[in-house]
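Please keep the sequence and the coordinates at hand while reading.

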Amino acid sequence: MRSDVITVRTGSRPSVHDITAEAQQFVSGEGDGLLHVFVPHATAGLAIIETGSGSDDDLLTAIDALLPTDDRWRHRHGSPGHGRDHVLPAFIPPYATLPVLGGRLALGTWQSVCLVDTNGDNPTRQVRFSFLPG
């Protein structure tokens, strides 16, 4: 298995970052196998969604509706509503496994690999790519 870590600057506001290009670059030149993508953080996740057509903003709106940043959370350190950031990975998991065929990600036409980060207290994230040859 080959593995590497990239750093993604997510900033101080909830965001969706398309990391498809970085994932594709990691598997480029490989044969068939599986790419496992993992975010080693308790307050971020990975989503396979369409980007650039408003879906990324729709996802953040849905997260706000489902997990509002108010005072209902028992986990209270950090910025107000930060407890919701710790619940996020139960809904948007911190991992994804993707098929790789001939060194190319086997994604659908409109699918992108996206890092979802609602935690403005941590503006930099690590993402681990691991390739398992077939």
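## Surface patch and local features

M1, L34 and L132 together make a nonpolar surface patch of about 340 Å². The model is a predicted one, and the values that follow should be read with that in mind. M1 sits in the segment before β1 (2-9), and with a relative accessibility of 73% this residue counts as exposed.

P133 belongs to strand β8 (residues 124-133). Although P133 and S3 are 130 residues apart along the chain, their C-alpha atoms are separated by 12 Å. When neighbours within four places in sequence are left aside, P133 is in contact with D32 and G33.

G103, in turn, is placed in the loop between β5 (95-101) and β6 (104-105), where G103 is buried at a relative accessible area of 3%. Apart from neighbours within four places in sequence, the contacts of G103 are Q24, V27, S28, G29, E30 and G31. D121 is 18 residues from G103 along the chain, and the C-alpha atoms of the two are separated by 36 Å.

Helix α2 (residues 55-66) holds 12 residues and reaches 16 Å from its first C-alpha to its last, which is close to the 16 Å expected at 1.5 Å a residue. Which residues of α2 are buried? They are D56, L59, L60 and I63, and because they cover an arc of only 95° around the axis, they lie on the same side of α2. The cover over the buried residues of α2 includes β2 (15-18), β4 (44-49), α3 (83-91) and β7 (112-117), while D57, D58, T61 and A65 are exposed on the other side of the helix.

| Salt bridge | N to O distance |
|---|---|
| R84 and D64 | 3.0 Å |
| R84 and D85 | 3.1 Å |
| R125 and D117 | 3.0 Å |

In the salt bridge between R84 and D64, R84 lies in helix α3 and D64 in helix α2, so the pair ties together parts that are 20 residues apart in sequence. R84 counts as buried at 2% relative accessibility, whereas D64 is partly exposed, with a relative accessible area of 40%. In the pair of R84 and D85, both residues are buried; through shared partners, salt bridges join D64, R84 and D85 into one network. Both R125 and D117 are buried as well.

Definitions and conventions:
Residues are numbered from 1 along each chain as its sequence is written. This is a predicted model: local features need pLDDT of at least 70, side-chain atom pairs count only at pLDDT 80 or more; totals for chains, interfaces and linings use all residues. Side-chain values use heavy atoms; hydrogens and water are left out. Helices (H or I, at least four residues) and strands (E, at least two) are DSSP runs, numbered from the N terminus. The expected span of a helix is 1.5 Å times one less than its number of residues. Buried means under 20% relative accessible area, exposed over 50%, partly exposed in between (1.4 Å probe, protein chains only). The arc is that of the directions from the helix axis to the C-beta atoms. Contact means heavy atoms within 4.5 Å. Patches are made of residues with over 30% relative accessible area and no salt bridge: like charges are joined within 9 Å, nonpolar side chains (Val, Leu, Ile, Met, Phe, Trp, Tyr) within 5 Å. Accessible areas come from the Shrake-Rupley method with a 1.4 Å probe; for residues, only the protein chains shown count as cover. A salt bridge is a side-chain nitrogen of Lys or Arg within 4 Å of a carboxyl oxygen of Asp or Glu.
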